Amino acid sequence: MKTVVDQQQIDKWKSEHPEGVFRLKSDKYGDIYIHTPDRPTLGFAMSASREDPLAMSETILENCWLEGDEKIKTDKGALMGILPKIDEILEVKAIEVEKL
């Protein structure tokens, strides 16, 4: 099922989640919308991923879901596709280490 979200809804989500709202595009499932995970969600997702790498995507989708086709949450191929995008969603910062 393809989801259509208007700009008014996106603006509302952005005001509710100022840390970030994202659209993930899928040919099979259409667009899905999630917000940046909070610290507890991120910690749980990272912990769960130690046992099951797909658990990180599942946890973030489940806890940060805004709108879209729910079937994407159980599609292993889609979860694999989302996993590398997590870094972009989290805006991972480059940190340098200098041995003193």
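This report describes the sheet, the nonpolar cores and the salt bridges of a predicted model.

## Basis of the model

Residues are numbered from 1 along each chain as its sequence is written, and side-chain values use heavy atoms, with hydrogens and water left out. Because the model is predicted, local features need pLDDT of at least 70 and side-chain atom pairs count only at pLDDT 80 or more, while totals for chains, interfaces and linings use all residues.

## The sheet

Helices (H or I, at least four residues) and strands (E, at least two) are DSSP runs, numbered from the N terminus. In this model, 3 strands form an open sheet in the order 1-2-3, with antiparallel pairing. Two strands count as paired if DSSP finds at least two bridges between them. Strand 1 and strand 3 are at the edges and have a single partner strand each, so one side of each is left without a neighbour in the sheet. From one strand to the next, the twist averages 35°. Angles run from 0 to 180 degrees between N-to-C directions, and axes are lines fitted to C-alpha atoms, for helices over the stretch in contact.

Strand 1 (21-26) and strand 2 (30-35) pair in the antiparallel sense over 6 bridges. Within this pairing, V21 stands opposite H35 in strand 2. Helix 3 lies across strand 2 and strand 3, and runs at about 80° to strand 2.

## The nonpolar cores

A nonpolar core is a set of buried Ala, Val, Leu, Ile, Met, Phe, Trp, Tyr and Cys residues joined through side-chain atoms within 4.5 Å. Buried means under 20% relative accessible area, exposed over 50%, and partly exposed in between (1.4 Å probe, protein chains only). The largest nonpolar core has 18 residues, of which I32, I34, I60, L61, I72 and I82 touch the most other members. At least two residues of this core come from each of strand 1, strand 2, helix 3 (54-64), helix 4 (76-82) and helix 5 (86-90). Helix 3 gives the most, with 5 residues.

Contact means heavy atoms within 4.5 Å. Not counting residues up to four places away in sequence, L61 touches I32, I34, K73, L79 and I82. Another core, of 5 residues, lies apart from the largest one and includes V5, I10, Y33 and L66.

## The salt bridges

A salt bridge is a side-chain nitrogen of Lys or Arg within 4 Å of a carboxyl oxygen of Asp or Glu. The whole structure holds 6 salt bridges. One of them joins the side chains of D31 and R23 (3.9 Å, N to O). D31 counts as partly exposed at 21% relative accessibility, and R23 counts as partly exposed at 44%. Another joins E88 and K85 (3.5 Å, N to O); here E88 is exposed at 52% relative accessibility and K85 is partly exposed at 39%.

## D75 and K28

Which parts of the chain does the pair D75 and K28 tie together? D75 lies in the loop between strand 3 (65-67) and helix 4, and K28 in the loop between strand 1 and strand 2, so the pair ties together parts that are 47 residues apart in sequence. Their side chains meet in a salt bridge (3.5 Å, N to O). D75 counts as buried at 17% relative accessibility, whereas K28 is exposed, with a relative accessible area of 60%. Leaving aside neighbours within four places in sequence, D75 is in contact with K28 and Y29.
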